Amino acid sequence: MPAEEFVAGWVSGALGLVLGHPFDTIKVRLQSQNKYRGILDCAIQIYRHESVLGFFKGMSFPIASIALVNSVLFGVYSNVLLALTTTPHQERWTHPPVYMDVFIAGCLGGFVQAYCLAPFDLIKVRLQNQTEPRAQLGSPRPRYRGPLHCMTSILQNEGPQGLFRGSGTLMLRDTPTLGIYFVSYEWLCRYYTPKDQNPNSATVLVAGGCAGIASWVTATPLDVIKCRMQMDGLKGRVYHGLLDCMVSSVQQEGPQVFFRGLIINSARAFPVNAVTFLSYEYLLRWWG
Ligand SMILES: CN(C)C(=N)NCCC[C@H](N)C(=O)O
């Protein structure tokens, strides 16, 4: 992959990420803390106690890692699809692959990216869950002073495997939902594009945004559990694995616990994934 496309992919992924990060922080708080009454209450409390900076906690690591995570996801997806169909990307709209191949390639892309994403996602979630305002004289010090301090503390206190806490759940979340992500994108593009033509920018934006929503709606139940597993032991709750976390969350909060953060997840998913797919398609067209 030439350097300029890697950089452009990183920049566009990073733009989507910055745009979506405040939504992501609210989602993470709603999923792992019980003190908020809803999206608005959470947003107001963050703003009051932590200022606007509170919404951007834990953002630097995802920005640094988006190049790796995005290129692994799209790279594995494209290459698996190429191996399954032998249709090069330039001909993908004129000789469209069958949906089953798209689904398999998406699932494999999701499976591999989950392991690259796991440590960065863990650090992001831990930092987003710190409710202390930025260091001020006399105010309580947060447990982690920043992403690097968070990483070294986890390594010291929980060992290298600590960085992969919740990674099994992340993999279960991302494998099928990334299949759904690419299938919905392909389906919407084909539906709104005349035969043998490339989809136009508006179609790519809408299809990318809707694919983001479809995948995040299906990902939300395991996203809640993943978030809790990543915070395991830190807020006084200890889970004995994925099943225990699911059962005790349902026992304490009812089955609606699986839909925590659903609305905010969907609202975030549209702009982030519209931008991601638009840049992906344009880069491939320039390149090819
Ligand atoms: C449901 N899942 C896990 C996804 N659709 N993942 C791929 C989208 C990634 C994009 N950066 C985002 O954060 O939405």
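View 1. Arg228 has its place in helix H7, where helices (H or I, at least four residues) are DSSP runs numbered from the N terminus, as are strands (E, at least two). This is a predicted model, in which local features need pLDDT of at least 70 and side-chain atom pairs count only at pLDDT 80 or more, while totals for chains, interfaces and linings use all residues. Residues are numbered from 1 along each chain as its sequence is written, and side-chain values use heavy atoms, with hydrogens and water left out. Because its relative accessibility is 3%, Arg228 counts as buried; buried means under 20% relative accessible area, exposed over 50%, and partly exposed in between, with a 1.4 Å probe and protein chains only. Leaving aside residues up to four places away in sequence, Arg228 touches Gln31, Asn34, Tyr239, Cys245, Ser249, Glu253, Val257 and Arg260, where contact means heavy atoms within 4.5 Å. With Glu253, the side chain of Arg228 also makes a polar contact of 3.0 Å; a polar contact is a pair of N or O atoms within 3.5 Å, and within protein one must be able to donate a hydrogen and the other to accept it, while residues adjacent in sequence count only if both atoms are side-chain atoms.

**View 2. Helix H8 and its two faces.** Helix H8 is made of 12 residues, 242-253, and reaches 16 Å from its first C-alpha to its last, close to the 16 Å expected at 1.5 Å a residue; the expected span is 1.5 Å times one less than the number of residues. Cys245, Ser248, Ser249 and Glu253 are the buried residues in H8. Seen down the axis of H8, these buried residues fall within an arc of 105°, so they line one face of the helix; the arc is that of the directions from the helix axis to the C-beta atoms. An α-helix has 3.6 residues a turn, so residues three or four places apart point the same way. The buried residues of H8 pack against helix H7 (201-230), whereas the face turned away from the buried side carries the exposed residues Leu243 and Gln251. Just after H8, Gly254 takes a positive phi of about 85°.

View 3. Surrounding the ligand are Arg173, Asp174, Thr177, Leu178, Tyr181, Ser215, Trp216, Ala219, Arg268, Val272 and Asn273, where a residue is near a molecule or strand if one of its heavy atoms lies within 4 Å of it. Ser215 places a polar side-chain atom 2.9 Å from a nitrogen atom of the ligand. For Trp216, an N or O atom in the side chain is 2.9 Å from an oxygen atom of the ligand, and a polar side-chain atom of Arg268 lies 2.8 Å from an oxygen atom of the ligand.

**View 4. Two spans annotated in UniProt.** The unreviewed UniProt entry lists residues 58-78 and 98-118 under "transmembrane region"; the positions are given in the numbering used here, feature names are shortened, and annotations may be inferred rather than shown by experiment. In the model, residues 58-78 are 90% helix and 0% strand, and the end C-alpha atoms of this span lie 30 Å apart. Residues 98-118 are 95% helix and 0% strand, with their end C-alpha atoms 30 Å apart.

**View 5. Two loop residues with positive phi.** Thr86 lies in the loop between helix H3 (60-85) and helix H4 (99-128), and has a positive phi of about 55° although it is not a glycine. Thr86 counts as exposed because its relative accessibility is 65%. Asp196, found in the loop between helix H6 (167-192) and H7, is likewise a residue other than glycine with a positive phi, here near 65°.

View 6. Gly13 lies in helix H1 (residues 3-32) and is buried, with a relative accessible area of 5%. Not counting residues up to four places away in sequence, Gly13 touches Ile66 and Asn70. Ser153, in helix H5, is buried with a relative accessible area of 9%, and touches Tyr144 and Glu158 when residues up to four places away in sequence are not counted. Phe164, placed in the loop between helix H5 (147-158) and H6, is partly exposed, with a relative accessible area of 34%. Under the rule that leaves out residues up to four places away in sequence, Phe164 touches Tyr115, Ala118 and Pro119.
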